[in-house]
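This report covers a strand hairpin, the surroundings of a ligand and a pair of packed helices. The sequence and the structure are shown first.

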Amino acid sequence: MKDKSIIPTDRERVMRENDFIVSKTDLTGKITYANRIFQEFAGYTESELLGTQHNIVRHPDMPRAAFKLVWDTIKAKQEFFGFVKNMASDGSYYWVFTHITPSYNREGKVIGYLSVRRKPRVEAVNTITGLYQQMLSIEKRNSPNQGMDSSTKFLLDFLTEKGASYEELILALQG
Ligand SMILES: Cc1cc2nc3c(=O)[nH]c(=O)nc-3n(C[C@H](O)[C@H](O)[C@H](O)COP(=O)(O)O)c2cc1C
């Protein structure tokens, strides 16, 4: 179970160049696999992670619209790339550059999702931090539904201004 009482701190855990944080989930986002580096960064044991919803590492600084984009993308059987701020069990945070893809069985049916994360570029995190802060403040000012719509619109307007698709922006930032 996610401990809602964890207080976020300013302490950062920085991924090393050669780290890969890997996890797998079922169709509902429940963790079915967690590699050692994931256990290390999240600060949970394998048995604490397995069978638990992936929001166990959700950081309150993340806008809800960012996760809507994740789920809309992977449910449409597409791969997702993005930057996520996560929270460890001691309240510290760690930024990741994530790639999430559907996993298929032999019959071509989606049976779950796989996520592999690498160290993000510092410049990318700076840009995304500002973007997420603005999305989050829009969400906080509005009702949940209105907040999600307005926050998503803010992201789309940001992309229009940059003349890029979401994926183009993300891949350009990670270089
Ligand atoms: C394969 C996979 C990996 C995920 N990884 C993360 C993650 O590292 N951090 C995170 O906050 N959410 C992650 N999510 C999204 C969570 O399932 C969830 O949507 C998100 O934490 C928001 O939770 P909430 O809607 O309960 O607030 C992942 C989802 C999938 C399918």
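## Hairpin of β1 and β2

In this predicted model, β1 and β2 form a hairpin, with 5 residues between the two strands. G29 lies in the turn and has a positive phi of about 90 degrees.

The pairing of β1 with strand β2 (residues 31-34) is antiparallel and runs over 3 bridges. One of the residues involved is S23, whose bridge partner in β2 is A34.

## Surroundings of the ligand

The ligand is surrounded by 15 residues. G29, the residue in the hairpin turn with the positive phi, is among the closest, together with H54, N55, R58 and Y113.

Four elements each supply at least two residues of this shell: β1 (21-25), α3 (64-75), β3 (80-87) and β5 (110-118). By class, the shell around the ligand has 7 nonpolar residues, 7 polar residues and 1 charged residue.

## Packing of α3 and α5

Besides supplying residues to the ligand shell, α3 packs with helix α5 (residues 144-162). Two packed helices are described by the angle between their axes and the distance between the axes. For α3 and α5 the angle is about 75 degrees and the axes are 9 Å apart. Angles of 65 to 115 degrees count as roughly perpendicular, so α3 is roughly perpendicular to α5.

The contact of α3 with α5 comprises 3 nonpolar, 2 polar and 2 charged residues.

Conventions: Residues are numbered from 1 along each chain as its sequence is written. This is a predicted model: local features need pLDDT of at least 70, side-chain atom pairs count only at pLDDT 80 or more; totals for chains, interfaces and linings use all residues. A residue is near a molecule or strand if its C-beta atom, placed from the backbone, lies within 6 Å of it. Ala, Val, Leu, Ile, Met, Phe, Trp, Tyr, Cys and Pro count as nonpolar, Asp, Glu, Lys and Arg as charged, and the others, Gly among them, as polar. Axes are lines fitted to C-alpha atoms, for helices over the stretch in contact, and angles run from 0 to 180 degrees between N-to-C directions. Angles under 35 degrees count as roughly parallel, over 145 as roughly antiparallel, 65 to 115 as roughly perpendicular and the rest as oblique. Two strands pair if DSSP finds at least two bridges between them.
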